[in-house]
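Me: Hey, can you walk me through this one? I'm new to reading structures.

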Amino acid sequence: MCGIVGYIGRREAAPLIVEGLKKLEYRGYDSFGVATIGGMGLEFDKHKGRISENDQSAIQLKGKIGIGHTRWATHGIPNDANAHPHLDCTGTIAVVHNGIIENYAELKRQLTARGHTFRSDTDTEVVVHLIEEEYAKKKDLLFAVQTIVPKLEGSYALLVISNNEERMIVARNASPLVIGIGDGETFAASDMTPILEHTERAMFLEDGDIATISWSEVAIYNQGILVTRPLELIDWSLEDVKKGGFAHFMLKEIYEQPQAFYNTIRAVTSETLPDFVHNPTSVTVVACGSSYHTGLIFKYLLEESCRVPVRLEFASEFKYYPPPIEGLVIGITQSGETADTLTALKQAKARNCKTLAVTNILGSSVSRLADATIFMRAGPEISVAATKSFIAQLAVLMQIVNNISGRKCSAMLLHAHQAIEEILLIDLTAAVSVCTGAKDIFYVGRGPFYPVALEGALKMKEISYIHAEGYAAGELKHGPFALLSPETPVIALCTPGDTYAVMISNIKEMKARGAPVIAVGNEGDSELPEIADIFIPIPGTTPFVQVLTSLVVLQLLAYYTAVALGRDVDKPRNLAKSVTVE
Ligand code: F6R
């Protein structure tokens, strides 16, 4: 939920860390801080607010070793004191942390009893006081971190520096941590986005790893034993993490969807699919948020095309109410770090299910956990709201359906990106003006368009802050009709097929209750323009393709509505990109 970055090398650390933190702000942005080891010892600077709007003081810090943090508050409100780094009582050791120390309250009680002074309300601060105690014994930072880590329960990616040592110690458990190996310099960060500009060579740490990073080498230990982690070449381009002329990352990422879809379709073939995915008798999907919606689209498509039953579970419910499952379990998570999805997959493994992860992030926790992983090819997604990762997830899942159904859809999937491209230039001015004036919006669809409606509503609420709900179209009359009025527009997904006629009836029922209807339907449809207030035509001749194009319409509608309302589109309030807490 937070972003961390550390540096040791030939250049001044603070400006590099500040730039890195700006790229990590999508992970959290309520406060920030930097610490360096300079000529004057340990220096630090931390503040409430966003580093992208307030970086000048941090840049003044001197030294070629440093760590930084951008926060998404979990323990303690966003303020200067709770911002990281946190320092020990002597002011010579500094720590930044991503994750949650679950047993912090008990540790804090013990440390306070032993005389430590706490300056924040965070869970993190216990870590630096524990290190302080062990450091006092041997004056060895690696030893101190190795000794205290077994006392921590929960998740952590930690970066630790001390003004008595010319190195950085890093540790990982259930929170991502990558080490970038540059030319005479080394980085450690939550993900590759702050590192890409400097090097494409990276090592992903595993749970339990503790590494010491000095001027000349990186040594990684697990359970005290020296281990090696493969050096990987990351082929994401630097352009991927820049806005490239777009007003927001979200719009850029929406425009990258044809490429993301095509690249993913090309990458996932019957040869690259793991054996156990070829012919499943039943499938369980676990996921959260938007990824849950892709799971629901997958359920409709697989059950319809192949008659293979699919069970879909919110990963957050699965842990506490585990259903009886067997066979194949698919965890869908673009970040690969969502705590609930990781836990659900662990439980599935414990029950001898075969597990498949679908993720966008190489080296992510989920890829280490599952029996097999399919990586989508979306490239880095910076905007908090998922768009191109959603489309790329669909590409993976549609290829799985295609493969199980005997590859009947291969040609259609290879060309689907063209329809996505076509829809990007659609004019939504009329629909946006209806939405900007609304307090509540309903989204309705049937079959695979029902989860498209759910996703459209989620996009609208998370970035425009307008209350929006997705419904299976037939359900609206079982209660929500009471809310319909000229102030509650309904967005209806009404494409050709078995449910077209009943959707037309539903739209008429909604119109009769006074609700303005924005209909999304097949281009060339002659009835919808007659009965709907606004008609949005979409290309594509199959449900697969129309799921994609209608979805892009709803993403754009949410985007332009949020922009018209002056919202912070890429960093909506209270949210973060990667939800590593339960
Ligand atoms: C919404 C959104 C979230 C995520 C959810 C799961 O735009 O991005 O709903 O889909 O937090 O995240 P992942 O896919 O990383 O597990």
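**A helix residue, the ligand and a loop**

Me: Where is S291?
Reply: S291 sits in helix 8, which covers residues 289–306. Helices here are DSSP runs of H or I with at least four residues, numbered from the N terminus. By the way, this is a predicted model: local features need pLDDT of at least 70, side-chain atom pairs count only at pLDDT 80 or more, and totals for chains, interfaces and linings use all residues. Residues are numbered from 1 along each chain as its sequence is written, and side-chain values use heavy atoms, leaving out hydrogens and water.

Me: Is S291 buried or exposed?
Reply: S291 counts as buried, because its relative accessibility is 9%. Buried means under 20% relative accessible area, exposed over 50%, and partly exposed in between (1.4 Å probe, protein chains only).

Me: What does S291 touch, leaving aside neighbours within four places in sequence?
Reply: S291 is in contact with I332, T333, Q334 and Q393. Contact means heavy atoms within 4.5 Å.

Me: Ok, the ligand. Which helices each supply at least two residues of the shell around it?
Reply: Helix 8 and helix 15 (449–464).

Me: How far is a polar side-chain atom of E462 from an oxygen atom of the ligand?
Reply: That distance is 2.4 Å.

Me: New topic: where does R114 lie?
Reply: R114 is in the loop between helix 3 (104–113) and helix 4 (125–138). R114 is partly exposed, because its relative accessible area is 47%.

Note on methods. A polar contact is a pair of N or O atoms within 3.5 Å; within protein, one must be able to donate a hydrogen and the other to accept it, and residues adjacent in sequence count only if both atoms are side-chain atoms.
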